[in-house]
Amino acid sequence: MSTPGTLAPGSGALELPPFSLDVQALDLGGDVKAVGLELIETQNREPVRGKDAAAIWSVVFPALAGNESYAVDFFSHVERVREFSKTRQIALREATERCVVLPQPNQEQLRQIFERFECETFGFRAGTASQSADAALEGDLSKRGLDAYQAAYARYTLCAICEPEDGWVTMLSESLWTSEVIRRVRPAVQPFDIYIARPN
């Protein structure tokens, strides 16, 4: 739990923070190690969207990466991503004709990415391997989309499939389990009124 509930004035009822980040282990079969992160409104269990979600995700991902380098992968609507990156002076690397990589966007740039591409599915990877081009993965991303992460995530600290509109992230990692995810994320989300929970 990141922020405990407080007593609602005059009611004696516990008033929970408006947002919740549920962190849970996922069973994706085989030897795949995965954690799901779901950002929801505490009372109605609906996904958090818009500016609030973008602000929260933009601190969560650098916290997950820790001191390691990271990159954001787009494998669809790449022309929109190119134009967006150009107008905001965000570094972009052309991986393949159908895959572009945004290497190490800062927190403000991440906020803009999550806000602008909320309705898209895109990827995030962190680890030493993200410092340079990964031709095998990037070629696979352009053919198979984010399913390509399943064969590559062991080379990284984490690979994440981001679905902001649904408030959902599927993170593949050999080293970051639910407890470590919570440990890394808790200080980063401290400025937000958010409850971190392990639903299972």
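Buried means under 20% relative accessible area, exposed over 50% and partly exposed in between, computed with a 1.4 Å probe on protein chains only. The views below show a predicted model, in which local features need pLDDT of at least 70, side-chain atom pairs count only at pLDDT 80 or more, and totals for chains, interfaces and linings use all residues. Residues are numbered from 1 along each chain as its sequence is written, and side-chain values use heavy atoms, with hydrogens and water left out.

**View 1**
Gln 89 is found in the loop between α2 (78-87) and β6 (93-96). Helices (H or I, at least four residues) and strands (E, at least two) are DSSP runs, numbered from the N terminus. The phi of Gln 89 is near 55°, a positive value in a residue other than glycine. Gln 89 counts as exposed because its relative accessibility is 72%. Gln 104 occupies the loop between β7 (99-103) and α3 (107-116). Although Gln 104 is not a glycine, its phi is positive, at about 50°. With 39% relative accessibility, Gln 104 counts as partly exposed.

**View 1. The packing of helix α1 against helix α6.**
Helix α1 (residues 50-65) and helix α6 (residues 178-188) pack at an angle of about 135°, and their axes are 8 Å apart. Axes are lines fitted to C-alpha atoms, for helices over the stretch in contact, and angles run from 0 to 180 degrees between N-to-C directions. The angle makes α1 oblique to α6; angles under 35 degrees count as roughly parallel, over 145 as roughly antiparallel, 65 to 115 as roughly perpendicular and the rest as oblique. The crossing of α1 past α6 is right-handed. A crossing is left-handed if the near helix is turned anticlockwise from the far one by less than a right angle, and right-handed if clockwise. On the α1 side the contact is made by Val 59, Val 60, Ala 63, Leu 64 and Ala 65, and on the α6 side by Val 181, Arg 184, Val 185 and Ala 188. Contact means heavy atoms within 4.5 Å. By class, this contact of α1 with α6 has 8 nonpolar, no polar and 1 charged residues. Ala, Val, Leu, Ile, Met, Phe, Trp, Tyr, Cys and Pro count as nonpolar, Asp, Glu, Lys and Arg as charged, and the others, Gly among them, as polar.

Ala 63 lies in helix α1 and is buried, with a relative accessible area of 17%. Not counting residues up to four places away in sequence, Ala 63 touches Arg 184, Val 185 and Ala 188. Ala 63 and Arg 186 are 123 residues apart in sequence, yet 8.8 Å apart in space, C-alpha to C-alpha. Within α6, the buried residues are Thr 178, Glu 180, Val 181, Ile 182, Val 185 and Ala 188. Their cover includes β3 (19-27), β4 (33-41), α1, β10 (168-172) and β11 (194-197).

**View 2. The crossing of α1 and α3.**
The axes of α1 and α3 come within 8 Å and cross at roughly 135°. That angle makes α1 oblique to α3. α1 passes α3 in a right-handed crossing. From α1, the contact involves Lys 51, Ala 54, Ala 55, Trp 57, Ser 58, Val 59, Phe 61 and Pro 62; from α3, it involves Gln 107, Leu 110, Arg 111, Phe 114 and Glu 115. By class, the contact of α1 with α3 has 8 nonpolar, 2 polar and 3 charged residues.

**View 3. Trp 57 and the nonpolar cores.**
The largest nonpolar core has 46 residues, and those with the most contacts inside it are Leu 37, Trp 57 and Phe 124. A nonpolar core is a set of buried Ala, Val, Leu, Ile, Met, Phe, Trp, Tyr and Cys residues joined through side-chain atoms within 4.5 Å. Trp 57 touches residues including Leu 21, Leu 37, Phe 114 and Trp 168, not counting residues up to four places away in sequence. A second, separate core of 15 residues includes Val 32, Leu 146, Ala 148 and Tyr 156.

**View 4. Helix α4 and its surroundings.**
In helix α4 (residues 135-144), Leu 137, Glu 138, Gly 139, Leu 141 and Ser 142 are buried. These buried residues pack against β5 (70-74), β6, β7, β8 (122-126) and α5 (149-152). Gly 145, whose phi is positive, near 70°, follows α4.
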